[in-house]
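Please work through the following exercises with the sequence and the model in view. Each task is followed by a solution in steps.

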Amino acid sequence: MQIPGISANDPLSTDTAATGNDLGKDAFMKLLVNQLKNQDPLDPNKAQDSVAQLAQFSSLEQMQQLNDNIVGLAVLQQSNALLSQLTSSSALIGKNVEYVDPTDQSHQWGSVDSVRIEDGIATLQIGGKSVPLANVLTIGTPPPPPPANQ
């Protein structure tokens, strides 16, 4: 004979890991208040139990705040990286650079016309081509062309 709510397949049985429902601080507080409201007056909870539950609640709240701060820090770090790329590459505007052409992988020289961020990467505009900043090899004067054989 099966008793409802006992089997793992029973809809009355709830497992937060299986359902993906995480109890947040609001649900935790509701549980704590209901527990205090519905406790047996002849056998009340011990003070240590209440203190332990409040400590768990405080710990949960601190972990959520820490998680929010880490997410904010990651976003800020990503923004700073983009700004750093843009600042570094803007110093190249008007300068001659040797770069690896992204289309045919040949080494070429050209003057940087402008800079922009494309898909999170600083891209230089050189002679109508978009060249990632990482493809720049040398900054300076291009070497003289080889002498023509006559």
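Two strands pair if DSSP finds at least two bridges between them; strands (E, at least two residues) and helices (H or I, at least four residues) are DSSP runs, numbered from the N terminus. The model is predicted: local features need pLDDT of at least 70, side-chain atom pairs count only at pLDDT 80 or more, and totals for chains, interfaces and linings use all residues. Residues are numbered from 1 along each chain as its sequence is written, and side-chain values use heavy atoms, with hydrogens and water left out.

**Exercise 1.** Determine which strands pair with E1.

Solution. Begin with the order of elements, α-α-α-β-β-β-β-β from the N terminus. Strand E1 covers residues 96-100. With E2 (residues 107-118), E1 pairs in the antiparallel sense over five bridges; there, Val 100 has His 107 as its bridge partner. Six residues lie between E1 and E2 in this hairpin, and Gln 105 in the turn has a positive phi of about 65°. With E5 (residues 136-139), E1 is joined by three bridges, again antiparallel; Val 97 is the bridge partner of Ile 139 in E5.

**Exercise 2.** State whether Thr 123 is buried or exposed, and identify its contacts.

Solution. Locate Thr 123 in strand E3 (residues 121-126). Its relative accessibility is 5%, so Thr 123 counts as buried (under 20% relative accessible area; exposed is over 50%, partly exposed in between; 1.4 Å probe, protein chains only). Next, list the contacts (heavy atoms within 4.5 Å): beyond four places in sequence, Thr 123 touches residues including Ser 114, Val 115, Ser 130 and Val 131.
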